[in-house]
Amino acid sequence: IKKIGVLTSGGDAPGMNAAVRAVVRAGLAEGMEVYGIYDGYYGMYHDHIEKLNRQNVSDIINKGGTVLGSARFPEFKEPSVREEAIKNLKKHGIEAIVVVGGDGSYMGAMKLSEMGFPCIGLPGTIDNDISGTDYTIGFMTALDTVVDAIDRLRDTSSSHNRISIVEIMGRHCGDLTLWASIAGGSEYIIVPEVDFDEEELLRQVAEGEAKGKKHAIIAITEHVADVNAMAKRIEEQTGRETRATILGHIQRGGAPNAWDRVQASRMGGYAVELLLKGESARCVGIQKGQLVHHDIIDCLTNMRRAFRQDLYDLSNRLF
Ligand code: ATP
């Protein structure tokens, strides 16, 4: 294999640049030509493809976002659109690609593989919602960002004996909320994996107040409830000032932390090794500290991420 491409797709995540850099540098070290495909599958279809050299990926390991750009391109679900995209890759002589993105991006990679075009997926999303890996690229950096926000809310909540509700990203995965709650010491956790009962929450908040807690921070994953309406109800029922804070896209930004840089570099280097071995339709992960790879179809359809019940139970014990 002599020519490979790399793209980032779906929501951006800190560490994607480190992954791109690793793919480019590892590929060049093997004597390959490496092409950057800009704006994900959109750029693949519109032929936004350029050959990259060492310097093109200099000074990006520390940068948030993705220098290759990313796009949502639902048209890629159409086989005719993918055929056109493959034609563009072949025009440049590209024989295989590495896709850095979330499960939607993995779907695209799986479809390309099924059409005979070799792809390797790297898990790039802050949500930590991809099977076959313990951590996705961007998760740990987003976690730092969320914990920093919780620390700040704690300061102001304590000063005013206020109840704070913090809405945290994760789509249908509570990992970011769960880990941030433990690191930030927020006592009340609402995640999609556990049924939520508002009455029970109110009872716990009252219990916390009786214990002399000055602050009450409720961490909740996005899409579980309307946090502003919830704040209003809690304020009415407790008589305590209650505010909701939606952290939003702040969680996606910022320089990747050292962990994400290291894991993204490892996974990028590994993707090139797999392509050299002739692998396709595989997705890379890190499990128990080791680099692993799985079948993308398996990852998307059969494998389930285990909910970290141990962390959830721990947070209850530390209440
Ligand atoms: P995040 O988890 O951060 O949202 P993601 O990769 O899941 O990232 P999506 O928008 O779901 O983000 O997917 C990214 C892109 O992958 C889509 O815009 C589309 O181009 C492609 N894609 C998604 N689903 C499919 C599919 N079923 N077939 C082909 N391509 C797909």
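Visitor: Buried means under 20% relative accessible area, exposed over 50%, and partly exposed in between, with a 1.4 Å probe and protein chains only. So is Asp127 buried or exposed?

Guide: Asp127 counts as buried because its relative accessibility is 8%. Bear in mind that this is a predicted model, where local features need pLDDT of at least 70, side-chain atom pairs count only at pLDDT 80 or more, and totals for chains, interfaces and linings use all residues. Residues are numbered from 1 along each chain as its sequence is written, and side-chain values use heavy atoms, with hydrogens and water left out.

Visitor: What does UniProt say about Asp127?

Guide: The unreviewed entry annotates Asp127 as "active site". UniProt positions follow the numbering used here, feature names are shortened, and annotations may be inferred rather than shown by experiment.

Visitor: Where does Asp127 lie, and which residues is Asp127 in contact with?

Guide: Asp127 is in the loop between β5 (119–123) and α5 (139–160). Helices (H or I, at least four residues) and strands (E, at least two) are DSSP runs, numbered from the N terminus. Neighbours within four places in sequence aside, Asp127 is in contact (heavy atoms within 4.5 Å) with Met169, Gly170, Arg171, Cys173 and Asp175.

Visitor: Which residues come nearest to the ligand?

Guide: Of the 18 residues around the ligand (a heavy atom within 4 Å), Arg72, Phe73, Gly104, Ser105 and Arg171 come nearest.

Visitor: Any backbone polar contacts, meaning pairs of N or O atoms within 3.5 Å?

Guide: A backbone N or O atom of Phe73 lies 2.6 Å from a ligand oxygen atom. For Gly102 that distance is 3.0 Å, and for Gly11 it is 3.1 Å. Taken alone, the ligand exposes 620 Å², and the protein buries 89% of that. Those areas are Shrake-Rupley values with a 1.4 Å probe.

Visitor: New topic: how many residues of α1 are buried?

Guide: 11 of the 14 residues are buried, so α1 is largely enclosed by the rest of the structure. The buried residues pack against elements including β1 (3–8), β5 and α9 (258–276). After α1 comes Gly31, with a positive phi near 80 degrees.

Key: A polar contact is a pair of N or O atoms within 3.5 Å; within protein, one must be able to donate a hydrogen and the other to accept it, and residues adjacent in sequence count only if both atoms are side-chain atoms.
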